[in-house]
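User: Please walk me through this model, one piece at a time.
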Amino acid sequence: MVKLIGKKKKFCAVFISGRGSNLKSIYYYSKKKYSKINLKLVISNNLNIKGVKFANKNKINTKVINYYNKNRAEKKILYYLAKYKIELICLAGFMKVLSKNFIKKFNKTIINIHPSLLPKYKGLNTHERVIQNKEKYSGCTVHIVNEKLDSGKTILQKRIKILKSDNPNKLAKKILKLENQLYPRAINKILSKI
Ligand code: GRF
């Protein structure tokens, strides 16, 4: 376990669009003494979601961004990132694809969690496709975000065996549990390097 004696925690933003279970696990991690982040900001493109309720309840600065115009939405987000001096973005179920321009302008680290063993099964409906293809294993990946969807360098990956009794729903539940454990570990790992 790395202790951050004398070192400042990195200011972090989590981007969400829904349930927010990964946001929760990142939040609880941020409260630990050994954590390397200070969770300063939550960005959401939806108002009435569990994740936003959780953020409000826990008094995290939360900005709900109207994505009607993507360009304008991203400009607004960049404004808040600068305002809160954000040094790390964690995408956690954020359903909007960040533009190349946004990634270039933020100019610091952005990471994402994806519910498959990348580079396999990029994109949506991963569990359905994994079951349909009779894969033996699935899992989740935390990776660096680059301009290509679900394609940046892997930080950490966790694998589980698929059982005969699994269906997409069951698998999604099992993998979500793994995701919630993996994300804080991946943050810790990446922040040892930057
Ligand atoms: C997770 O399965 C994540 O891998 C994917 O979207 C889902 C978000 O879940 N990108 P939650 O909102 O963090 O519970």
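User: How many bridges join strand E2 to E3?
Analyst: Strand E2, which covers residues 37-44, is joined to E3 by four bridges, and the two run parallel. Strands here are DSSP runs of E with at least two residues, helices are runs of H or I with at least four, and both are numbered from the N terminus. This is a predicted model, in which local features need pLDDT of at least 70, side-chain atom pairs count only at pLDDT 80 or more, and totals for chains, interfaces and linings use all residues. Residues are numbered from 1 along each chain as its sequence is written, and side-chain values use heavy atoms, with hydrogens and water left out.
User: Ok, and what is the bridge partner of leucine 41 in E3?
Analyst: The partner of leucine 41 is asparagine 61.
User: In what order do the seven strands come in the sheet?
Analyst: The sheet is open, with mixed pairing, and its order is E3-E2-E1-E4-E5-E6-E7; strands pair if DSSP finds at least two bridges between them. Its edge strands, E3 (61-64) and E7 (154-161), each pair on one side only.
User: New topic: which strands does helix H1 lie across?
Analyst: Helix H1, residues 21-30, lies across E1 (10-16), E2, E4 (88-91) and E5 (109-114), and runs at about 155° to E2. Such angles run from 0 to 180 degrees between N-to-C directions, using lines fitted to C-alpha atoms, for helices over the stretch in contact.
User: And what does H6 touch?
Analyst: Helix H6 (168-191) packs on the sheet and touches E1, E2, E4, E5, E6 (137-144) and E7, where contact means heavy atoms within 4.5 Å. The direction of H6 makes about 155° with that of E7.
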